[in-house]
Amino acid sequence: MASYLKLKAQEETWLQRHSRLILAILAGLGSLLTAYLTYTKLTEQPAAFCTGDGGCDLVLSSRWAEFLGIPTAAVGLLGFLGVLALAVLPDGIPLVKRWRWPALFGLVSAMTAFEMYMLYLMVAVLRQFCMYCTTAIILVAGLWLVTMLGHRWLDGGKLAFSYILVAFLTLVTTIGVYANQVPPPSPLAVGLAAHLRQIGGTMYGAYWCPHCQEQKELFGSAFEQVPYVECSPNGPGTPQARECTEAGITSYPTWIINGRTYTGVRSLEALAVASGYPLEEHDSSQ
C-alpha cells in the first residue's frame, strides 16, 4: 500500500505532462504579438485598432515605449523567444535537460517583474487602456503559472527567495534605465512644436500634475519649443496664476489652439488636427 501511494504521489499531473507544449504555445503567441508591435514601432506605423486620441495610442507612443534605445516590445520579443526555445529544445542535449526549468524560472520571473512595472505605468501613471499591452501581460502571467505549476519544484522556500531576488533586480534595473534615458523627439513632435509656437497654440498646466507630465513626454525634448503657461507656480491648493484664471482654465492640462479649448492629454496626431498641422506633408517627408 505504501509503495502504491508513493507511486501515485510521483505521478505527473496533466499540467506537468503538457507544460512544455503550453509554454511553447503561449510563448509563440507572445512572440507574434511583440514582433508586430516592434515592427509598427520601427516603421512608425500605428498599430491596428490603435489610432486616435488616447488609449493604446498614448501608451505605445509614451517614453516607456523604448528601452535602451530599442522598442520595449523588442525586449518582450526576446523574452518570449527565449521561453519558446527552452520549451521546444529536446532533452537529448545534456545542458538543456539539466538547466531547462531553472532557466525558465529565471527568465519568466524577470518577465513577470518587468510586466508588473508595465502594468503599473499603464494603470497608475498613463491611466490608459492598451489592449496589446494587456494581452502581453496576460500571456506572461500564463507563462509564470505554467512554470510554477507545470514542474515539480523540490524546495518551495528557495524558489520563493529566488523569485524575490530576480524580481527585485529586474525592477531596479528597469526603473534605473527609464529614469536615466531621455528619448529623442520624433520628427512629428519637432514639427508640431514649431507649428504650435508659430500659431500661438498654448498648453496650460501645473508642474505637479501627472497628466501634464504625460503630455510633455509625448513631445520629449521638443516640448521646450511649445508655448506653456505654469498655472500653479506655488503648488497645489494655491491660487492660480492670473493668466490661467483670465483664460478660464479649470483643469490640467488644457490647450487653447486657434481660439478653441481642449482639455486632457491629447495625442500628437490630435493636436496636429486641432492646430492645422499638415500631417500628410509630414508623412510624405519621412
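This section describes the strands, helices, cysteines, aromatic rings and backbone features of a predicted model. Local features were taken only where pLDDT is at least 70 and side-chain atom pairs only at pLDDT 80 or more, whereas totals for chains, interfaces and linings use all residues. Residues are numbered from 1 along each chain as its sequence is written, and side-chain values use heavy atoms, with hydrogens and water left out.

Helices and strands are DSSP runs numbered from the N terminus (helices H or I, at least four residues; strands E, at least two). Strand S3 comprises residues 202-205, of which Thr202 and Tyr204 point one way and Met203 and Gly205 the other way, and all are buried; here buried means under 20% relative accessible area, exposed means over 50%, and partly exposed covers the range in between, with a 1.4 Å probe and protein chains only. Pairing of two strands requires at least two DSSP bridges between them. By this criterion S3 runs antiparallel to strand S5 (residues 254-257), to which three bridges join it, and methionine 203 stands opposite tryptophan 255 in S5. S3 also pairs with S4, in the parallel sense and over three bridges, with valine 229 of S4 as the bridge partner of tyrosine 204. Between S3 and S4 the chain passes through helix H9 (residues 210-219), and this β-α-β crossover is right-handed, a term for a path from the first strand over the helix to the second that runs clockwise when the strands point away from the viewer.

The structure holds one disulfide, defined as a pair of cysteine sulfur atoms within 2.5 Å. This disulfide joins cysteine 231 to cysteine 244, with an S to S distance of 2.0 Å, and is left-handed, with -90° about the S-S bond. Distant parts of the chain are linked by the pair, since cysteine 231 lies in the loop between strand S4 (228-230) and helix H10 (242-246) and cysteine 244 lies in helix H10, 13 residues apart. Cysteine 231 is buried at 0% relative accessibility, and cysteine 244 is likewise buried at 0%.

Aromatic pairs number 12 in the structure, where rings of Phe, Tyr and Trp (its six-membered ring) pair if their centres lie within 6.5 Å. Such pairs link Phe67, Phe114, Tyr117, Tyr120 and Tyr178 into a cluster.

In helix H11 (residues 268-275), the buried residues are Leu268, Leu271, Ala272, Ala274 and Ser275. Seen down the axis of H11, these buried residues fall within an arc of 165°, so they line one face of the helix; the arc is that of the directions from the helix axis to the C-beta atoms. Glycine 276, which follows H11, has a positive phi near 80°.

Further backbone features occur in loops. The peptide bond from tyrosine 252 to proline 253 is cis, with omega near -10°, and proline 253 lies in the loop between H10 and S5. Leucine 68, a residue other than glycine, has a positive phi near 55°; leucine 68 lies in the loop between strand S1 (66-67) and strand S2 (70-71) and is exposed, with a relative accessible area of 61%.

Conventions
Rings of Phe, Tyr and Trp (its six-membered ring) pair if their centres lie within 6.5 Å; planes under 30 degrees apart count as stacked, over 60 as edge-to-face and the rest as tilted.
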